[in-house]
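Thanks for making time this morning.

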Amino acid sequence: MMNKSPKAFFRLVLWEIENSLSLPVLSLIVASAILAVLIQSTSITGFSHNYRDLSTGARTIFLILTFVTCTLFSRSFAGSFGRGDLKRMLSYPVKRWQIFISKVLALNLIIFGVYASAYAMNLYINAVSLLEPMFYVSLFAIFLQLLFVCAVSVGVSMISKSELMSIVVSFLLIFGLDEAFAFDSFYTSNGRFTNIFGYFEQITHPTSQIASQVPVTFGQFTDSIMFPLLTATVMLVVVFVYFTRKMEVD
């Protein structure tokens with residue numbers, strides 16, 4: 001049994017990946033990622049073309065990323081109730097924790113992989129070096145947003161068990177949070193990106209004129225990381241316990 005458990009888990013991960021890479025889901029992910037980067041590049045003014053352009057249009061990227069993530073996670077979790085997929089999967093010799101973790105892991109890998117690949121277009125468009133640390137800082141901020149949206153979508157999916165309602169409610173919750181607080185607040189996706197980007201900019205590019213004009217404190221930096229990370233961790237743990245121990249599948 002110990003040898004079969006890891007094998008069953010990896011099969012579930014591969015199944016979720018194959019399901020997500022099928023048309024039209026794959027087209028949605030790839031097209032949205034490319035669109036987000038192209039919109040970002042067209043919003044750049046001037047001819048500087050350096051690492052600073054990586055932070056331009058972050059709000060648009062996060063908006064598109066949020067919608068796509070809400071859609072895919074709602075489809076995978078809430079949609080599995082309506083289609084009867086979850087009930088069918090539980091009829092096989094697999095554990096609930098395997099199903100839950102495989103879905104979360106597979107979807108995060110797919111979405112982040114596609115968006116990171118599309119975001120790498122900035123290396124060419126804005127003449128940014130592959131060794132530029134701010135590129136990887138930007139990817140880290142994108143991953144934090146993905147993890148945060150993932151937790152919210154999974155939580156709403158477990159409550160509503162309706163794919164459409166889960167998509168709408170999840171997106172409106174995160175979009176409303178962005179609109180309810182100040183532009184530079186760590187409660188907003190753009191504020192977190194700005195703080196994380198600005199803090200590392202001060203370290204890696206201390207002579208930057210922009211970095212010296214807009215200092216980011218260590219407290220702002222840690223808040224921008226800990227808020228999405230702790231929120232996502234707590235929500236996923238709570239939902240995981242509910243999914244594996246309490247939830248009834250009709």
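Let me start with D178, which lies in helix α9, residues 163–180. Keep in mind that this is a predicted model. D178 is buried yet has no salt bridge. Which side chain of opposite charge is nearest to D178? That is R192, 5.2 Å away. What the side chain of D178 does reach is the backbone nitrogen of S189, at 2.9 Å. Leaving out residues up to four places away in sequence, D178 touches Y187, T188 and S189.

S189 takes us into helix α10, residues 189–204. The helix has 16 residues, which at 1.5 Å a residue should span 22 Å; the end C-alpha atoms are 22 Å apart, so the two agree. Several residues of α10 are buried, including S189, R192, F193 and Y199.

N190 is also in α10. Is N190 buried or exposed? It counts as buried, because its relative accessible area is 8%, and the cut-off for buried is under 20%. A polar atom of the N190 side chain lies 3.4 Å from the backbone nitrogen of R59. Beyond its neighbours up to four places away in sequence, N190 touches A58, R59, F62 and F183.

Now R59 again, this time through its side chain. E179 forms a salt bridge with R59, with the closest N and O atoms 2.4 Å apart. E179 lies in helix α9 and R59 in helix α3, residues 58–76, so the pair ties together parts that are 120 residues apart in sequence. Both ends are partly exposed: E179 has a relative accessibility of 44%, and R59 has 40%.

On to the other charged pairs. How many salt bridges are there? The count comes to 6. In one of them, the side chains of E16 and K103 meet at 3.4 Å, N to O. This pair links distant parts of the chain, with E16 in helix α1, residues 4–20, and K103 in helix α6, residues 96–119, 87 residues apart. E16 and K103 are both buried.

Another salt bridge joins the side chains of E163 and R83, at 3.6 Å, N to O. E163 is in helix α9 and R83 in helix α4, residues 78–83, so this pair ties together parts that are 80 residues apart in sequence. E163 is partly exposed at 30% relative accessibility, and R83 is partly exposed at 40%. Salt bridges with shared partners join R83, D85, R88 and E163 into one network.

Next, the cysteines. A search of the whole structure finds 0 disulfides. C70 is buried, with a relative accessible area of 0%. C150 also counts as buried, at 0% relative accessibility.

Last, V25, whose place is in helix α2, residues 25–42. V25 is buried, with a relative accessible area of 9%. Setting aside neighbours within four places in sequence, V25 is in contact with N19, S20, L72 and R75. From V25 to T188, one of the residues that D178 touches, it is 28 Å, C-alpha to C-alpha, and 163 residues in sequence.

How values were computed. Residues numbered from 1 in each chain as written. Predicted model: local features only at pLDDT ≥ 70, side-chain atom pairs only at ≥ 80, totals over all residues. Heavy atoms only, no water. Helix = DSSP H or I, 4+ residues; strand = E, 2+ residues; numbered from the N terminus. Buried < 20%, exposed > 50% of the residue type's maximum accessible area, 1.4 Å probe, protein only. Contact = heavy atoms within 4.5 Å. Expected span 1.5 Å × (residues − 1). Lys, Arg positive; Asp, Glu negative; His and termini not counted. Salt bridge = Lys/Arg side-chain N within 4 Å of Asp/Glu carboxyl O. Polar contact = N/O pair within 3.5 Å; in protein donor to acceptor, adjacent residues only side chain to side chain. Disulfide = S-S within 2.5 Å.
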